[in-house]
Amino acid sequence: MALVEVKVPDIGDFDEVTVIELMVKVGDTIKAEQSLITVESDKASMEIPSSTAGVVKDLRVKLGDKVKQGSVVLVLEASGAASAPAAAPVEAPAAAAPVTAPAVASAPTEAPAPVVASVVASSAISAAPAHNPGAPSLGLPHASPSVRKFARELGVPLEEVKGTGPKGRISQDDVQAFTKAVMAGSAQTKAQAAKAPAGGDGAALGLIPWPKVDFAKFGPIERKEMGRIKKISGANLLRNAIMIPAVTNHDDADITDLEAFRVSTNKENEKSGVKVTMLAFLIKACVAALKKYPEFNSSLDGDAIVYKNYWHIGFAADTPNGLMVPVIRDADKKGILQISQEMGELAKKARDGKLGPAEMTGATFTISSLGGIGGKYFTPIINAPEVAILGVCKSTHEPVWDGKQFVPRLMLPLSLTWDHRVIDGAAAARFNAYLGQILGDFRRVLL
Ligand code: CAO
């Protein structure tokens, strides 16, 4: 394989330009026409593409370097026939590669980075539309020089912006949407998230430092970096736990009849392949309670409360990568069978890491069900900017006094956490009581 130098080509009127961005590193395999560096004059910026495909062996420029026509950008081990004539063999320097200035029109041939699940729920992060925090950088941010310049001027990390153009190309609108989302607090840059890690040191709150312990002194240990989803959800949980004056009310709902109905419905529908779950009934019952007590379906915006006239219900799903919160949209307009089917599909997507942002955003209320696992009550953390979350544990048969005797009833433990800035304790107790009534007799939904 021949080593070739890739040089700065004819850059028009400019004597010298500054390297403002390195887009490849030693060891990268690059394609012909792939952008290598961005250079900037006082008038414009442009990307210098490679005329040759190959593997980067030596990077000859660094950020801030002044380069001009003929300056060597890097040395490549050319990959066979892909080598273009304009690339200069190291041994025999030749003419520089022609620049297609501004060279960005050539789209990176890699697929755009997949939109990575933003996590939510008790671990909530509501991903802003244009924000793709921490997406694996499979390629370079795909944007024109003017958009790059715009992003630089605003201090926007372009690699965190999700492009909505063809092949994930980032437009000025995408940069603006990202900036708005960060300013509105509905998204974070990686740098911001890093300042509030899951195990944040609390310095910003004036707390004493987090204990630093050499655990290996006490026994064998294994250290594993947390996955991206856990890191994002951790930072969000921490914020929500600290910032929301949250209170949890516990209650029980008698679901004896509802469970019997669920079991018989599943028997009747055995062939349909759709299993009706208790969670689907809970979603429907919560919608009824949210309609009766609209403050639970609201968000706080400064001094105003925003009441939402739509009912999108998130449900926490346990996945190998961490907690995700898929959203059943317009749950008020859907029947139990449809909700059960959608939940099954969304939970599978969540476990497979295939949820898209639209499937994880916009929830107005969240349910976290540990019913399939066990436990009695817990205190879920509100998935901001929502103002309440319902935790559900495993139903058990309990002796319930019917006025004459104790009778065995199937009781479902409910744990409702609510934001005391928006909701009062009395309303929370009423919400739980009403939810219990509906779950006890679903005909009440019709009233
Ligand atoms: N009481 C008793 N049994 C229950 C129940 C309840 N409240 N809820 C579900 N079950 C039963 C189901 O009927 C099912 O039994 P069968 O297989 O015999 O029919 C079994 O438990 C398993 O249910 P499931 O968990 O598969 O289904 P689901 O609809 O209840 O929940 C999902 C789906 C995605 C919410 C769940 O799989 C999950 O991920 N739960 C964890 C959520 C979580 O982690 N929350 C904590 C957030 S805070 O960190």
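A backbone N or O atom of G371 is placed 3.4 Å from a nitrogen atom of the ligand, a polar contact in the sense of a pair of N or O atoms within 3.5 Å. The structure is a predicted model, in which local features need pLDDT of at least 70 and side-chain atom pairs count only at pLDDT 80 or more, while totals for chains, interfaces and linings use all residues. Residues are numbered from 1 along each chain as its sequence is written, and side-chain values use heavy atoms, with hydrogens and water left out.

A backbone N or O atom of S369 lies 3.2 Å from a nitrogen atom of the ligand, and a polar backbone atom of D318 is 2.8 Å from a ligand oxygen atom. Of the 970 Å² of accessible area that the ligand has on its own, the protein covers 67% (Shrake-Rupley method, 1.4 Å probe).

The shell around the ligand comprises 20 residues, the closest being K275, D318, S368, C393 and S395; a residue is counted if one of its heavy atoms lies within 4 Å of the ligand. By class, nine of the shell residues are nonpolar, seven polar and four charged, with Ala, Val, Leu, Ile, Met, Phe, Trp, Tyr, Cys and Pro taken as nonpolar, Asp, Glu, Lys and Arg as charged, and the others, Gly among them, as polar. At least two shell residues come from each of β14 (317–319), α7 (336–351) and β17 (365–369). Helices (H or I, at least four residues) and strands (E, at least two) are DSSP runs, numbered from the N terminus.

Seven aromatic pairs are present in the structure, a pair being rings of Phe, Tyr or Trp (its six-membered ring) with centres within 6.5 Å; planes under 30 degrees apart count as stacked, over 60 as edge-to-face and the rest as tilted. The pair of Y293 and F431 is tilted, because the ring centres are 6.3 Å apart and the planes stand at 50°.

As to backbone geometry, A384 and P385 are joined by a cis peptide bond with omega about 10°. P385 belongs to the loop between β17 and β18 (388–392).

Terms used:
A polar contact is a pair of N or O atoms within 3.5 Å; within protein, one must be able to donate a hydrogen and the other to accept it, and residues adjacent in sequence count only if both atoms are side-chain atoms.
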